[in-house]
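Could you walk me through a few features of this model, from its domains down to a single residue?

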Amino acid sequence: MDFIVEGFFKALELLINGDGSTWSAVLATLKVSVWSLLISTVTGLPCGFMIGYFDFKGKKQLRTVLDTLLALPTVFIGLVVYAFISRQGPLGEFGLLFTLSGIVIGLTILAFPVVTAITASTVEGIDPDLKLTLISLGAGKRHILTTCLWEVRYGILTAIVNAYGRVSTEVGIAMMIGGNIKYHTRTITTAIALETNKGMFADGIALGLVLITIAFIVNLSLSFLRKQ
Amino acid sequence: MTHTNPAYHLKNIRHYYGSQKVLDIDDLNIKTGSITGLIGSNGSGKSTLLKMLAFALKPAKGQIFYKGREESGFSPTVRLKVTLLTQNPYLLKRSVFENIIYGLKIRKDTNHLEARVKTVLSTVGLDYGSFAHRRWHQLSGGEAQRVALAARLILKPEVLLLDEPIASVDTKSAGLIRKASLKARDDWGTTLVIASHDLQWLYSITENQISIFNGKIFPGGIETIITGPFEKTGDKAFVKKHANGQPLILKAPGPNEENAVIRKKDILIEPSGHDLTKGINRLSGHVAAMHLEKETHHIVATVLVHDLSFVLKLTPDQAGSFGLYPGKNITLGFYPGDVEWF
């Protein structure tokens with residue numbers, strides 16, 4: 001028990017003193033998670049909205065595929081992306097292996113189904129009276145679409161926060177694609193895994209604290225937005 | 001005020017949900033500037049009809065004319081003239097102020113918004129200072145209903161359609177909704193069509209009533225409907241066994257006709273100068289409700305004969321001479337040949 005308490009205080013010291021390797025992992029995590037979240041939101045949100053809003057042939061089957069992708073193992077994503085961006089792979093010439101950009105690709109694949117599926121479910125749950133109300137107030141197709149999107153904004157925020165939770169705590173993809181290179185592709189989670197293996201609990205706890213703080217700030221922002 | 005064209009003319013309207021026919025209207029006119037009541041049980045087709053009148057639902061077959069012009073494409077121009085308040089109005093997840101001005105913003109009519117919201121909130125009995133900046137979830141059921149009505153009234157619509165506007169509100173809100181709706185008609189000549197189960201309230205506000213049963217319209221207002229099962233007796237008559245065993249003899253229906261209607265004018269009360277003993281269905285029941293028609297001052301009485309409701313219409317003099325009051329036992333009758341089938 002003592003080593004945990006000791007580790008906690010050492011962790012605070014590392015963070016306050018601006019330990020280079022610790023803060024490098026924090027920055028790498030923020031970079032890959034923000035970029036992957038941005039790309040998956042920009043692409044997944046319209047897809048999820050269309051899947052939830054419109055009725056079309058094959059919708060049920062598409063939802064089943066999407067729901068299955070929610071449980072996609074991260075190591076499998078890592079394997080597939082690795083195969084594509086490694087030197088022999090079809091995208092090998094871009095030199096993405098062991099780079100933050102490579103990790104972003106993998107994390108985007110991980111986050112896209114989360115954003116899409118939760119957005120689609122939220123949109124499907126729109127009160128049927130909303131559309132009729134908007135029509136009765138004179139709204140045309142464009143206004144109906146934008147107002148519906150605004151009405152489900154909290155559901156969409158939940159989708160984004162969920163996706164953020166997945167990408168910021170992911171280990172498999174970051175490890176396989178990034179290679180856990182210190183000061184380069186080492187993220188909080190891969191660093192925690194490494195430091196724990198080495199018995200460096202303080203470093204692990206420090207990074208864990210940062211991860212929890214980031215999650216707390218994200219949820220606090222969500223809560224603030226809900227009140228607006 | 002005279003109008004050459006009615007607000008609505010519906011011709012040969014048929015509409016289906018799946019294979020079930022939910023509207024079957026041969027001909028219906030609604031006068032411009034009138035206040036029309038829509039009476040019918042749940043699932044009778046009232047809401048479907050109101051959605052069509054709001055140009056929010058296209059009929060499977062038939063034509064809708066608005067002020068003499070056929071509206072087949074439900075153009076944006078006509079949709080901006082008509083507004084519908086649904087039974088459970090949806091308030092946008094915004095402030096009361098934002099909810100009320102939503103329709104105006106759609107119309108790009110954003111002058112003097114604060115003053116207009118103040119006026120319309122006061123029309124529905126809500127104070128601007130206390131309510132304008134409340135969030136949608138900070139309102140009671142009655143307040144939400146009145147805010148939703150205010151969002152329609154601010155548009156000064158040519159037609160205001162109200163679907164069960166007082167179904168979940170208290171007496172005070174019901175009174176305010178009545179007053180605000182009447183003001184719209186008086187100030188801007190708005191045509192009102194109101195569906196409600198509260199007949200007392202509906203008769204107090206509407207000038208004419210239409211009843212609807214299984215999608216079929218009865219322009220004369222509420223009528224006596226007799227539904228099956230029926231038993232065939234001989235070639236020319238059908239029998240409906242009453243709950244107390246008493247048979248009702250009805251003339252035989254035509255092909256594909258399932259329900260019978262007895263018009264108010266064909267139901268007789270004893271003593272009425274008619275011989276209610278020969279060849280007539282003679283029934284005893286009690287007066288369950290009486291409503292005064294606002295325009296004609298006629299009295300519409302509902303007489304309960306076990307589980308069947310018979311509806312009759314009397315002049316004030318007739319009602320006086322029979323000494324009718326709710327609860328009074330009376331005998332009524334109708335001729336089997338006066339029954340219409342549909």
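This is a predicted model: local features need pLDDT of at least 70, side-chain atom pairs count only at pLDDT 80 or more; totals for chains, interfaces and linings use all residues.

The domain assignment of chain B lists domain 1 as residues 8-218 and domain 2 as residues 224-341. Taken over C-alpha atoms, the centres of the two domains are 33 Å apart. Ten residues from domain 1 and eight residues from domain 2 take part in the contact between them.

On the side of domain 1 that touches domain 2, helix H8 (199-205) and strand E9 (208-213) of chain B are the elements that give two or more residues. H8(B) supplies the largest share, four residues. By class, this side of domain 1 has four nonpolar, five polar and one charged residues.

## A three-stranded sheet

Three strands of chain B form an open, antiparallel sheet in the order E12-E13-E14. Strands E12 (231-233) and E14 (247-251) each have a single partner strand, so one side of each is left without a neighbour in the sheet. On average, neighbouring strands here are turned by 35° against each other, direction ignored.

E12(B) is joined to strand E13 (residues 237-241) of chain B by three bridges. Within this sheet, Glu231(B) stands opposite Val239(B) in E13(B).

## A closer look at Leu126(B)

Leu126(B) lies in the loop between helix H4 (113-123) and helix H5 (128-131) of chain B. Leu126(B) counts as buried because it has 21 C-beta neighbours inside 10 Å, and the cut-off for buried is 20 or more.

Setting aside neighbours within four places in sequence, Leu126(B) is in contact with Leu121(B), Phe131(B), Glu143(B) and Arg146(B). Gly62(B), 64 residues away from Leu126(B) in sequence, is 42 Å away in space, C-alpha to C-alpha.

Notes: Residues are numbered from 1 along each chain as its sequence is written. Chains are lettered from A and ligands numbered from 1 in the order in which they are written. Two strands pair if DSSP finds at least two bridges between them. Axes are lines fitted to C-alpha atoms, for helices over the stretch in contact, and angles run from 0 to 180 degrees between N-to-C directions. A residue is buried if 20 or more other C-beta atoms lie within 10 Å of its own, exposed if 12 or fewer, and partly exposed in between; C-beta atoms are placed from the backbone. Two residues are in contact if their C-beta atoms, placed from the backbone, lie within 7 Å. Domain bounds come from an automatic or database domain assignment. Ala, Val, Leu, Ile, Met, Phe, Trp, Tyr, Cys and Pro count as nonpolar, Asp, Glu, Lys and Arg as charged, and the others, Gly among them, as polar.
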